[in-house]
Each structure stands twice: as structure tokens, then as C-alpha cells.
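Here are a few exercises to work through with the model open beside you.

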Amino acid sequence: MKNIVLIGASGFVGSALLAEALNRGLTVKAVVRDPSRITSVDPNLTVVKADVGSEETVAGLVAGADAVLSAYNPGWANPDIYEETLKIYPAILRGVKKAGVGRLLIVGGAGTLFVAPGLRVVDSGAIPDEIMGGVKSLGEFYLNTLIDEKEVDWVFFSPAGSLEPGELTGNYRLGKDDLIVNDKGESRISVQDYAKAMIDELLTPQHHRERFTIGY
């Protein structure tokens, strides 16, 4: 069974990914800033306190893993989220490469998805100002760095426009570059269904060096 490292395992998305991975019987090293936020007890879980700000640290944490999942987020209320995202994510990518881990699955954002030909979500006026820094920086990492990465087999998994607590339904649609909306014009997905789809991709890869998305 796969041995994975999950960066940011205590956050909103990270905790859902952790629960799904453990439910599938995966061996997980959970990398967090505050281990007290991890309440799961499982023989397949190891919790490690670490700052992933350098590629050397990342390389040491992920060495020997079959895959790395990153749900890293500096915190939506962090005033430096733009700068920190553009510093940390390249360090994670370089660290994964340095350790020789071939597969990197990233919790992406919806900002770079298209809502109409030539119009991305981030430019549509739909993103509140208070989270724009985080949305823009993650999008810039994807467009300016990740998309040119040829060594690591990566995916950037963009959620629907609204990623919310809910139920695990298993009833959703996957797409590539266009925001998925339902018949009411809503773009939604539960974090539980998002986590299921991400672990499905980990166990049975369908996407390679590309972004994909999900929605109801």
C-alpha cells in the first residue's frame, strides 16, 4: 500500500484528505505546523511538526515516499499569504524533486479556471478582495512555474468555486480547465467529495502534468 506524505494535513482540505487517506489504509506522514491540531489516532499515521519553507527541509521530510500531497496554505487571514505562497510552493516542488519522489498532487485553486472563453475566475469579479492574494498567488505558481515542470509527475486539482463542508456522495463530475457549474449556475463541491477524488487520483492516476477540476 502506498506510503505518502501529506503537507498541511491539519487544514480544512488537508484534514479531509487525511481522513480519506487513512480510511483507504494508506500510510501517511502528516506534516503540520501545530501537531496538536491532528486528533486522529491510527497505526498508519505519523505526525511531524515542520516548517516547509526550504527545499532541503522538504526533501528530508518526503524522502522515500511514493507520493506527496500538498494542501499547504499560509492561512487565508495571513497578510503575507501572497508572498508566502509564492515562496513556499516552489520550495515544496524543488524539495520533492531533490528527494527523487516522482508524484506530487497539489490542492489547487479555482482562480485559473475559465468561466467563459478567455475569461478566468480570478478576472471575473467573483473573488472577494479579502482572499484575492491567496487566489492570485496560487494561480501564478501554477501558470508560471508548475505548468513548465517536466521532471515530476504532478497534478494541480482545482476545486469548484465553492468548496464547503458537506457529505461524501461520490456523485460529481470531473473536468479540466473550465469551471464546472450545475443546472442552477452554481459551482460547488463538498470537501469530502474533493478528498475522495484526490485519493482516487493518487491510487489510480488519470492525470499527468496537468490541472483538473471537480464539481457537481
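This is a predicted model: local features need pLDDT of at least 70, side-chain atom pairs count only at pLDDT 80 or more; totals for chains, interfaces and linings use all residues.

**Exercises on rings and a strand**

**Exercise 1.** Work out whether strand β8 (residues 153-158) is enclosed or open.

*Solution.* Start with the side chains: Asp 153, Val 155 and Phe 157 point one way from β8, while Trp 154, Phe 156 and Ser 158 point the other way. Buried means under 20% relative accessible area, and six of the six residues of β8 are buried, so the strand is largely enclosed by the rest of the structure.

**Exercise 2.** Identify the strands that bridges join to β8.

*Solution.* Strand β5 (residues 103-107) runs parallel to β8, joined by five bridges. Among them, Leu 105 has Val 155 as its bridge partner. Strand β12 (residues 210-215) also runs parallel to β8, with four bridges; here Ser 158 partners Thr 213.

**Exercise 3.** Classify two of the six aromatic pairs that the structure holds.

*Solution.* Take Tyr 142 and Trp 154: their ring centres are 6.3 Å apart and their planes lie at 75°, so the pair is edge-to-face. It links helix α4 (residues 129-144), which holds Tyr 142, to strand β8, which holds Trp 154, twelve residues apart. Tyr 142 is buried at 5% relative accessible area, and Trp 154 is buried at 1%.

Next, Phe 157 and Tyr 194 are stacked, with 4.4 Å centre to centre and 15° between the planes. Phe 157 lies in β8 and Tyr 194 in helix α5 (residues 191-203), 37 residues apart. Both Phe 157 and Tyr 194 are buried.

Conventions. Residues are numbered from 1 along each chain as its sequence is written. Side-chain values use heavy atoms; hydrogens and water are left out. Buried means under 20% relative accessible area, exposed over 50%, partly exposed in between (1.4 Å probe, protein chains only). Helices (H or I, at least four residues) and strands (E, at least two) are DSSP runs, numbered from the N terminus. Two strands pair if DSSP finds at least two bridges between them. Rings of Phe, Tyr and Trp (its six-membered ring) pair if their centres lie within 6.5 Å; planes under 30 degrees apart count as stacked, over 60 as edge-to-face and the rest as tilted.
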